[in-house]
Amino acid sequence: MVSLMQGRLPINQDLLLMQKGMLMRKVRSKSWKKLRYFRLQDDGMTVWHARQAGGTAKPTFSISDVETVREGHESELLRSLAEELPLEQGFTIVFHGRRSNLDLVANSVEEAKIWMQGLQVLVDFVTGMDEQERLDQWLSDWFQRGDRNQDGRMSFHEVQRLLHLMNVEMDQEYAFQLFQAADTSESGTLEGKEFVEFYQALTKRTEVQELFENFSADGQKLTLLEFVDFLQEEQKEGERASDLALELIDRYEPSDSGKLRHVLSMDGFLSYLCSKDGDIFNPTCLPIYQDMTQPLNHYYINSSHNTYLVGDQLCGQSSVEGYIRALKRGCRCVEVDIWDGPSGEPIVYHGHTLTSRIPFKDVVATVAQYAFQTSDYPVILSLETHCSWEQQQVMACHLTEILGEQLLSTTLDGLLPTQLPSPEELRGKILVKGKKLRTLEEDLEEEEEEEELESELEREQEADPELEAQLESEPQALSPRSKDKKKEKRSKPILCPSLSALVVYLKSVSFHSFTHSREHYRFYETSSFSETKARSLIKEAGNEFVQHNAWQLSRVYPSGLRTDSSNYNPQELWNAGCQMVAMNVQTAGLEMDIYDGLFRQNGACGYVLKPDFLRDVQSSFHPERPISPFKAQTLLIQVISGQQLPKEDMSKERSIVDPLVRVEIFGIRPDTTRQETSYVENNGFNPYWGQTLSFRVLVPELALLRFVVKDYNWKSRHDFIGQYTVPWTCMQQGGPVLQPLATTTRALAVLLMPPSCPSPGYRHIHLLSKDGISLHPASIFVHISIREGLEGDES
């Protein structure tokens, strides 16, 4: 299978040495450190390991699983073993998603460099792959799994086993016919390109072929005009269709002659439909497209709860890795619980539990390093301080010294603001959220007094040289408070002034009632609510909560009963305009799918602008009882087919999935619903449904759609296969649903269209794993149609 990637893979001495294999120490904990023999496979895309050279090898990871490679000194675990294992010989492989890091220690610095440099070269190569190269790599991975004896070729027996692994139920005689047709060398085995031919025979898309032929006069190609017709009639591209058609042909037509003639082959047409241009997620919503100059309280803010935990809330591990993962996935508000630690150094952990502890200064250093790698927009450090006055001073020192210019320690212009600054104004800044001794007005007033006093002293100093000598020996005389002996005699406050001073725009205050907040609090003061309290307020005073969140920031956190680090549904809090809905980001599941779905838009920068009716302090919107005027819409989804759906449990070689598609809508309570197709028996490779689902939505601005593929199981809950969640406002759409493609023609499709409806659109939905990692090339093919009003409305 090497031939698939041959000529495209980077080749250097490091990779050649990695393919020979090396003995390294795998480190899981302080007590688990074992020698293993690691080897880069000949395909250059997978790493296998064995207990010793020549031993039975098994796959460790694919290069596509790797996010980056770090040096040994960046690993908490390896640093803790520095006296036992040399840090300079260690390195860490960091994987996408929530998979644990892999810490390895080589036999020498040179060998460590070989693996670090070689792996990074391959990771960079994979990151830059085009669609064809990604497909080749996917096929190469499957070939490696199917080639049991690793001889670089596949017998028919191995192919049969591979078909089951790939979720293909096929008549043995037909499978053998395809095998023989692909075996052009007549060797009785499939190698490289022969395996590709076999795969292509398996993956013919008859539903796409029919769609192609509906617009192609000769059934072989789409001329420029025919493709423009398709884009206008089916994809709702309108006036830009002509220019877009030329762009797409140039981008997706594989043959140079086709590009020159401005025609699109069936292969090019399929490439387009499977690309980002044919994706359900509107590509115009992928970069930063929203107004980023509004006050912070007008945005949903990607927020993490107990960010230091990578496990449960009682005995889980505390790690700076929690902050790295949260920040790299776009979190803009991270939480830090700080307690008194040994040797005068504050520590971070979940108080009164058995969770492990990490130094506060390590957390601050990690935030400084990773805060702006994913997004330039401001990071909020939500401090829960339980330290003594002395260790609070140490905290303030670490924050100012480590964060430096990144730390926002005064208002942007030194003047008293009338509203919170915008994400745009705060680019590259880290804000401290926490308790504060005084108001912002008092802080600024004292700064003015100090500046006036300093100016006055400078003038006196110029007139009286003796005063200068006095000030050098008694610098405390500069303080305006030095004249107030009563203040000098006061006992130390519970909150250290130097830490308090670092809280500028985000002063934490207790919530009593919405009336109390309006009468006593200022716009830069923010309250936190448990999920239970927030839900209760939404039911009791939903409209007041909406108005409150239009002028002040709110943070919501999971119930203390969620000791397993489970999550709540963030949608009902977003419906009330709550900005910082904090999640246990270490825990995958439905709730995090919804969360990631909302924040996938706007450049994944961690800030999403709230709908206008949630930014109005006089809004009449009630999340439990929404009333018009809202532009209700009807959604029709034809679930057409699926492609290369994976098994959740690859150990079940003989089992084949029975897939069904469930479409779930999350929004206000009346809009929250779900429907599903029937299941297709024994076909995860290319199942066909051709079924239409219909939804009515009252407040589309708040709705998210989750497409989830399940493996039907009549005995229990259906097993998860993959999902994708998209905000309603970011969905590429079309018009009315057609009859199932297998029975329709273009003429019939035109007759079926209601005269007032826009044209239909076809989209692929590329599935993600439980961890939010791409399951490429797994997808479902759908037809999306949205119309204004509800089904049955005369309008």
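Buried means under 20% relative accessible area, exposed means over 50%, and partly exposed lies in between (1.4 Å probe, protein chains only). This is a predicted model, in which local features need pLDDT of at least 70 and side-chain atom pairs count only at pLDDT 80 or more, while totals for chains, interfaces and linings use all residues. Residues are numbered from 1 along each chain as its sequence is written, and side-chain values use heavy atoms, with hydrogens and water left out.

**Exercise 1.** Classify the accessibility of Arg427 and of Glu424, and describe how their side chains meet.

Step 1: Arg427 has a relative accessible area of 35%, so it is partly exposed.
Step 2: Glu424, at 34%, is likewise partly exposed.
Step 3: the two side chains form a salt bridge (a side-chain nitrogen of Lys or Arg within 4 Å of a carboxyl oxygen of Asp or Glu), with an N to O distance of 2.9 Å.

**Exercise 2.** Locate the partners of the salt bridge between Arg522 and Glu441.

Step 1: their closest N and O atoms are 3.3 Å apart.
Step 2: Arg522 sits in the loop between α21 (514-520) and β18 (525-530), whereas Glu441 belongs to helix α17 (residues 440-463), 81 residues apart. Helices (H or I, at least four residues) and strands (E, at least two) are DSSP runs, numbered from the N terminus.
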